[in-house]
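Morning, everyone. I have one structure to go through today, so please bring it up on your screens and follow along.

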Amino acid sequence: MAAVGQLAVRFDASTDQADTGNFRTAPHNVEAEQALLGAILVNNDAFDRVSDFLRAEHFSEELHRRVFEVSAQLIRAGKLASPVTLKTFLGDHDLGGLTVPQYLARLAAEATTIINAEDYGRTIYDLAIRRNLINIGEDIVNVAYDSPVDASPRTQIEEAERRLYEIAEQGRYDGGFQKFSDALTQAIDVAAKAYERDGKLSGISTGLIDLDQKMGGLQSSDLIVLAGRPAMGKTSLATNIAFNVAKAYEYDVKPDGSHVPRNGGIVGFFSLEMSSEQLATRIIAEQSGVASYKIRRGDIQDHEFHRISEAAREMQTVPFYIDQTGGISIAQLTARARRLKRQKGLDLLIVDYLQLLSGSKSSSSNRVQELTEITTGLKALAKELAVPIIALSQLSRQVENRDDKRPQLSDLRESGSIEQDADVVIFVYREEYYLKNREPRAGTEEHINWMAEMERAHGKAEVIIGKQRHGPTGTVELSFEAELTRFGNLARDDSLPTQM
């Protein structure tokens, strides 16, 4: 990189043949920087063409960074940025015999046209990205050589991935306004895909008909919070939905060889509470119809073992991926989800559960701030990967102090950010669980009434949609088989065959 004192001579192309010796200079283009800055000083409208992606730090020369920064401040304040107005803010610099006002005048005289300003800006931005990649590469090498005793290679990999994605997402110049007609085309495409998909859903089917009708399936980029008190079955419901999605996976092949889901999808499951073996046992129980406690104890008959073997064989090819690492941070989860999306594909992500994640901030931040960081990070990840994310959450104990134990939004634990960041909040509630713990003395009238209530609530669960940005709220009834930890569609009188 040239010293600031050499900037003035860069206008003479014949002097740009410096011997680099035996080392390579970081990629840069001083001429492009000079041409763009000149264009801005001549016509401030050129700044508007690059301001949404170009920053002062993208310039390779310190003086150029300062010129761009001061110009930006003046223009955003509604003032004129020109060689005359800038010179008082730049101080003195050694420019090889030129004063700062003379150098600014040279910039304006050698300016590119406003039409080319965006192309020059992209050149400067791309070169800055390459310099940042070089810095990351150097840091990786240096840290690997002089790694602290308590640092693992995996931590370094995840930190490198985080920095790489940070570079990819900062200052992107493919955003901004789009024509309404383009948005309209995208909306029609979504509707067309919904028409072609099984169940006529715009999102991914959960495999639970009544829930799909209420939500339209799991929508891309949505953060869905699934909450409930312990023993309500929230992990079971998440597992059921996850496996239903993975089992239904069908895809079309695009001309470039990539796969586009037609039904179902590829599922990633962060199981922070249970091991992958425990999760697999639940799914085997659900699919085989053999109670999970029997599978764990080995208390099974020959015909049951045959059913388990058949179910396991059918599940071998299901695109379902489990990460059982406990106590990971939101930054680690984000890095691993991106890696899965890149390597295997990803259509649905599940996190079990929110309160077991940690933030990446210092330990001085309180838990509310930490949870805010987690939910904000999950919502940003859902948008970035364009997949629905189901995040499980615990509810506070205040539910137990009410006569009606049905949860509500105010019961979400530790932070209002869960309710705020979530696109959909659903609660799992099983009245049977609470009734079972309130059994009156046998033989009394209360016991007879209790038995009638138990019969009415037996095998049923309620999924309460407490919030939904793009649809109605309300309650959906599902069947629940506790031994198999399986939720299913509830048979209704109006959908049964006609009795003769």
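Leaving aside neighbours within four places in sequence, Arg338 is in contact with Tyr165, Leu381, Glu384 and Leu385, where contact means heavy atoms within 4.5 Å. Arg338 lies in helix 14, residues 330-343; helices here are DSSP runs of H or I with at least four residues, strands are runs of E with at least two, and both are numbered from the N terminus. With a relative accessibility of 12%, Arg338 counts as buried, since buried means under 20% relative accessible area, exposed over 50%, and partly exposed in between, using a 1.4 Å probe and protein chains only.

Before going further, a word on the source. This is a predicted model, in which local features need pLDDT of at least 70 and side-chain atom pairs count only at pLDDT 80 or more, while totals for chains, interfaces and linings use all residues. Residues are numbered from 1 along each chain as its sequence is written, and side-chain values use heavy atoms, with hydrogens and water left out.

Now the overall numbers. The protein has 18 helices and 11 strands. Of its 500 residues, 44% are buried. Taking contacts between residues at least 6 apart in sequence, 69% join residues at least 24 apart.

Ile136 sits in helix 6, residues 117-145, and is buried at 5% relative accessibility. Apart from neighbours within four places in sequence, Ile136 touches Arg163, Leu164 and Ile167. Ile136 and Glu161 are 25 residues apart in sequence, and their C-alpha atoms are 9.9 Å apart in space.

The other one is Asp323, in strand 5. Is Asp323 buried or exposed? Asp323 is buried, with a relative accessible area of 18%.

Strand 8 (residues 424-429) and strand 9 (residues 460-468) run antiparallel and are joined by six bridges. Val425 has Lys467 in strand 9 as its bridge partner, and Ile426 stands opposite Ile465. Why is strand 9 described as largely enclosed by the rest of the structure? Because seven of its nine residues are buried.

On to strand 10, residues 474-481. Strand 9 and strand 10 are antiparallel, with six bridges, and Glu462 stands opposite Glu477 in strand 10. These two strands form a hairpin with five residues between them.

Strand 10 also pairs with strand 11, antiparallel over four bridges, with Ser479 opposite Gly488. Strand 10 and strand 11 form a hairpin too, with four residues between them, and Thr485 in the turn has a positive phi of about 45 degrees.

Last item, the cavity. How many cavities of 30 Å³ or more does the structure hold? One. By cavity I mean a set of points, on a 1 Å grid over the protein atoms alone, where a 1.4 Å probe fits but cannot get out; lining residues have an atom within 4 Å of a point.

The residues lining the largest cavity are Thr206, Leu211, Met215, Leu218, Ile224, Leu226, Ala238, Ile241, Ile390 and Ile426. Helix 9 (209-215), strand 1 (223-228) and helix 10 (234-247) each give two or more residues to that lining. By class, the lining has nine nonpolar residues, one polar and no charged; Ala, Val, Leu, Ile, Met, Phe, Trp, Tyr, Cys and Pro count as nonpolar, Asp, Glu, Lys and Arg as charged, and the others, Gly among them, as polar. Ile426, which we met opposite Ile465 in strand 9, is one of the lining residues.

That is what I have.

Definitions and conventions:
1 Å grid on protein atoms, 1.4 Å probe; cavity = no way out; pocket = protein on both sides within 12 Å on 5 of 7 lines; lining within 4 Å. Points joined across faces, edges and corners; volume = space filled by probe spheres on them. Pairing = 2+ DSSP bridges.
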